[in-house]
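The entries below follow the order in which I looked things up.

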Amino acid sequence: MKKMLPFVLLFFSGEGQAQTENKEPQPPAISFSAYLETYFQYTFNKPGDNNRPVFVYSHNRHNEFNLNLGFVKAAYSADRVRANLALAAGTYMNANYAAEPGVLKNIFEANAGVKLSQRKELWLDAGIFSSHIGFESATSKDCPTLTRSILADNSPYYEAGAKLTYLSPNKKWTISALALNGWQRIQRVAGNPMISTGTQVQFRPTENTVINYSSFFGTDKPDSARLFRTFHNLYTQTNLSENWGLILGLDIGTEDRSVNGSGVNTWFAPVGILKYSLNDQWSIAGRYEYYADENGVIISSTQPGGFKIAGLSFNVDHKPTDNMLMRLEFRHLQGQEPQFIRDNQPVKTESFLTASMAISFE
């Protein structure tokens, strides 16, 4: 949920024209692509098991060379039909798909879609696809920072269900309605017959600006412990100039405190990212983030004030070729209370260096 080019924020252009009855049908086409991202990360708290904290799901191994994400993908497109299939492996898959059974653990994408109107851009897609929530995706090269924000790591990266999407003739509005198996779920939770829902509205007032609102309504628990969850994601991304890009985002969620619905617990997370492209090969980015989950809805904590962490990061990117991206990032997290472990003692801070190389083939 979420895509940007490595050095320049990618936005859909508003220059497209409405379809006409005389438009030639698109001939069927099959394309293949692949992506591979390796990384090395050093955490100054030196975790004994080489695992980052439980709320980190991407680039989550310490002091070792590893694969964050690698996938191969086949895509089919025709005039009124489209489909995608991608199989993946890596520490990202191990962490995010831990609850999925068997071969589902390696399905990065598997969906098919049909265009419901000859004149209008109205599509129905079903299967497994990237989340409609947020501006950060699992594919690091498409994100402004090397590592994912805490809010991205703790909201859905992927989802399974059906999606109805409408793109306006002037390409400025994209509106989607979704029926989902749950909160980042392929296989639904046992004992939960309820289908979750979601929405997404994107507005592109200019070529350089996107304003997005996404939502989720549902539950991630069986009927015996059902707690209804609502979630709202709002972000804007804009090119301030040819070299500068800015992203501002905010997540707000609520969940019932008990099965009988007596009140709700709330969590929220703002983030801001500023990126500067020095030239076609070099860029830098800085990020500020904050995550507050006082009641442990998404991230549990043993501290009396719950989970409250602020973070800063700075990364340098180098693009030696069109299909490769090399990145180095320093990141510091500061807890309001001790949320981390160093030398078997609780501490308030964690700092780490991450380096990665990503290459794509299309």
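**Entry 1: Thr 147**

I looked up the accessibility of Thr 147 first: its relative accessibility is 2%, and because buried means under 20%, Thr 147 counts as buried. I note that the model is a predicted one. I then located Thr 147 in the loop that runs between β5 (121-130) and α2 (150-153).

Next I asked which residues are in contact with Thr 147, leaving aside neighbours within four places in sequence. I listed Gln 41, His 59, Glu 136, Arg 287, Glu 329, Arg 331, Phe 352 and Thr 354. Of these contacts I followed up Arg 331. The side chains of Thr 147 and Arg 331 are joined by a polar contact of 3.1 Å.

**Entry 2: Salt bridges**

How many salt bridges are there by the rule applied? I recorded a count of 17. I examined several of them one by one.

I began with Lys 73 and Glu 109, which form a salt bridge whose closest N and O atoms are 3.2 Å apart. This pair links distant parts of the chain, as Lys 73 lies in strand β2 (residues 64-77) and Glu 109 in strand β4 (residues 107-115), 36 residues apart.

I turned next to Lys 141 and Asp 142, a salt bridge with its closest N and O atoms 3.0 Å apart. Are these two partners buried or exposed? Asp 142 has a relative accessibility of 14% and so counts as buried. Lys 141 has a relative accessible area of 17%, so Lys 141 is buried too.

I then looked up Arg 185, which forms a salt bridge with Asp 220, and I noted 3.0 Å between the closest N and O atoms. Here again distant parts of the chain are linked: Arg 185 sits in the loop between β7 (173-180) and β8 (196-206), and Asp 220 in the loop between β9 (209-218) and β10 (229-239), 35 residues apart. Arg 185 and Asp 220 are both buried.

Note on methods: Residues numbered from 1 in each chain as written. Predicted model: local features only at pLDDT ≥ 70, side-chain atom pairs only at ≥ 80, totals over all residues. Heavy atoms only, no water. Helix = DSSP H or I, 4+ residues; strand = E, 2+ residues; numbered from the N terminus. Buried < 20%, exposed > 50% of the residue type's maximum accessible area, 1.4 Å probe, protein only. Polar contact = N/O pair within 3.5 Å; in protein donor to acceptor, adjacent residues only side chain to side chain. Contact = heavy atoms within 4.5 Å. Salt bridge = Lys/Arg side-chain N within 4 Å of Asp/Glu carboxyl O.
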